[in-house]
Amino acid sequence: MNTKTKTLLAAMLTAALISLGAGPALADANPANDSGSFTIRITPNVDLGVTVDTTGAAWEGSSNLDMTQTLGSDVRLQTPVGITMAGNLNNQELTLTGAALNTWTLDTDEADAQDQLRLYAMFGKSSTPVKPAIADFAGAQNLITTAATRAGQTQANEGGDTGHVYELSTGHAEYADVDGMTATATRVLWLRSSTPSTSSTEGQAAFTITVNAVSGAGL
């Protein structure tokens, strides 16, 4: 094979290698502009909700939520108020708020005082409701007041058995967790009415209790 033929074959081989990508890599003068990225943010439009059912709810010795009570006495609900979560957020919790409509006010410290009603609340499970004992309601944290108070445990006590508000201890037969509930959860609400030992009026005292669904996220 002569020199001219060898040179031609070498040129053909080089061209073939280049066509197959085996040629020398080209430098990128500005690699920083080879790609771009961006961020999108979606805030879910969720629905929180709660349904309060007072059908059949009644005080001991009464057929409904109205009653005549002796001063300085304690009366519980014989049949609880039904609570059903609604909406589509599976991380809901509840707050309770009370409002005095006329004569008496709501107590905040468990101390007996004229014209102050100590109104306690406890949430329980709804499958086979059995009313809690009077002592189960004890504690100022279980009083319904004019301030919206969140039921359940504080974040530091989640998974434990302290810091309960409107919630029975985990060992209680009627215990039901009210932290981070699903949108289909059901509970019952028990009340204890503890009247003052003295009153300045003989007129009926009326109170409104508001149950509000709130997000449990971020707590």
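Is Glu60 buried, exposed or partly exposed in this model? With a relative accessibility of 22%, Glu60 counts as partly exposed, where buried means under 20% relative accessible area, exposed means over 50%, and partly exposed lies in between (1.4 Å probe, protein chains only). Before we go on, please keep in mind that this is a predicted model, in which local features need pLDDT of at least 70 and side-chain atom pairs count only at pLDDT 80 or more, while totals for chains, interfaces and linings use all residues. Residues are numbered from 1 along each chain as its sequence is written, and side-chain values use heavy atoms, with hydrogens and water left out.

Let us stay with Glu60 and look at its charged partners. A salt bridge here is a side-chain nitrogen of Lys or Arg within 4 Å of a carboxyl oxygen of Asp or Glu, and by this rule the count comes to five. In one of them, the side chain of Glu60 meets that of Arg76, with 3.1 Å from N to O. This pair links distant parts of the chain: Glu60 sits in the loop between β2 (58-59) and β3 (74-79), Arg76 belongs to strand β3, and the two are 16 residues apart. Helices (H or I, at least four residues) and strands (E, at least two) are DSSP runs, numbered from the N terminus. Arg76 counts as buried, at 16% relative accessibility.

Glu60 also forms a salt bridge with Lys131, and here the closest N and O atoms are 2.4 Å apart. Again the pair links distant parts of the chain, since Lys131 is in the loop between β7 and β8 while Glu60 is in the loop between β2 and β3, 71 residues apart. Lys131 is partly exposed, at 26% relative accessibility. Taken together, Glu60, Arg76 and Lys131 are linked in a network of salt bridges.

Leaving aside neighbours within four places in sequence, Ile134 is in contact (heavy atoms within 4.5 Å) with Asp74, Arg76 and Arg192. Ile134 is partly exposed, with a relative accessible area of 29%. The C-alpha atoms of Ile134 and Leu191 are separated by 9.8 Å, although the two residues are 57 apart along the chain.

Now for the strands. Strands of a sheet pair through backbone hydrogen bonds, either parallel or antiparallel. Two strands count as paired if DSSP finds at least two bridges between them. Strand β9 is joined to β4 by four bridges, and the two run antiparallel; in this pairing, Ile83 has Arg187 in β9 as its bridge partner. Strand β4 (residues 81-87) also pairs with β1, in the antiparallel sense over six bridges, and there Thr51 stands opposite Thr84 in β4.

Three further strands are worth a look: they form an open sheet in the order β8-β5-β10, with antiparallel pairing. β8 (149-150) and β10 (207-215) stand at the edges, each with a single partner strand, so one side of each is left without a neighbour in the sheet. Nine bridges join β5 (residues 92-100) to β10, and among the paired residues, Gln92 has Ser215 in β10 as its bridge partner.

The loop between β7 and β8 also holds Thr145. Thr145 is buried, with a relative accessible area of 14%. A polar atom of the Thr145 side chain lies 3.2 Å from the backbone nitrogen of Ala147. Apart from neighbours within four places in sequence, Thr145 is in contact with Thr97, Gly98, Leu106, Asp107 and Thr108.

Finally, consider Ile40, placed in the loop between α1 (3-19) and β1 (48-53). Ile40 counts as exposed, at 62% relative accessibility.

Key:
A polar contact is a pair of N or O atoms within 3.5 Å; within protein, one must be able to donate a hydrogen and the other to accept it, and residues adjacent in sequence count only if both atoms are side-chain atoms.
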